[in-house]
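Subject: Structure handover

Hello,

Here is the structure we talked about. Please have it open while you read the notes below.

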Amino acid sequence: MKILVPVDGSENAFRAIDLACRLAAATDELLLLNVVGRGELPEELQRYASVEHIEGPPQWQYEQVVASEMISAALERVRTQGIENYDTLVRTGDVAKTINAVAEETGAELIVMGSRGLGSLMGLAFGSVSQKVCHSAPCQVIT
């Protein structure tokens, strides 16, 4: 079974990684995905970069540097749990649509993600990423 795990550096994302690792058998594959939103640097990326003391790159590189840091932290968590069959991916686009597109493209049979990430309170008014993913996912979703 291929399990897609979107990561954003939040504690809920780390809990989702832990659950995905427990679900993964020796033959299962985890795909860790970070989606960089389009447009202005999202508040969650600014907050993550600040907490992790990431400085220096120009704006056009900033998102990829932060995304790489998030993927590295997620990958370390996976490795400490003994999972050997994994891959990573960073994409740019609308976060919920991109998660679902990657699930379809890769043949993921399950998406495991946190119910709340690093996003702002805007999600309460306009719907969270996890709600949007659940609504149109091409496979089962655990939040």
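In which helix does Asn100 have its place? Asn100 lies in helix α4, residues 95–106. Helices here are DSSP runs of H or I with at least four residues, strands are runs of E with at least two, and both are numbered from the N terminus.

Some ground rules. This is a predicted model, in which local features need pLDDT of at least 70, side-chain atom pairs count only at pLDDT 80 or more, and totals for chains, interfaces and linings use all residues. Residues are numbered from 1 along each chain as its sequence is written, and side-chain values use heavy atoms, with hydrogens and water left out.

**Overall**

The chain has six helices and five strands. Along the sequence they follow the pattern β-α-β-α-α-β-α-β-α-α-β. Of the 143 residues, 42% count as buried (under 20% relative accessible area; exposed is over 50%, partly exposed in between; 1.4 Å probe, protein chains only). Take the contacts (heavy atoms within 4.5 Å) with a separation of 6 or more: residues 24 or more positions apart account for 72% of them.

**Sheet**

The five strands form an open sheet in the order β3-β2-β1-β4-β5, with parallel pairing. Two strands pair if DSSP finds at least two bridges between them. β3 (86–92) and β5 (140–142) stand at the edges with a single partner strand each, so one side of each has no neighbour in the sheet. The twist averages 25 degrees from one strand to the next. Angles run from 0 to 180 degrees between N-to-C directions, and axes are lines fitted to C-alpha atoms, for helices over the stretch in contact.

β4 (residues 110–112) and β5 run parallel and are joined by three bridges. Leu110 stands opposite Gln140 in β5. Helix α4 packs on the sheet and touches β1 (2–6), β2 (29–36), β3 and β4. Its direction makes about 150 degrees with that of β2.

Beyond four places in sequence, its contacts are Ile111, Lys132, Val133, Ser136, Ala137 and Pro138.

Val133 sits in helix α6, residues 129–136. Val133 counts as buried because its relative accessibility is 0%. Not counting residues up to four places away, Val133 touches Ala96, Ile99, Asn100, Ile111, Met113 and Val141. Val133 and Ile111 are 22 residues apart along the chain, and their C-alpha atoms are separated by 9.0 Å.

Best regards
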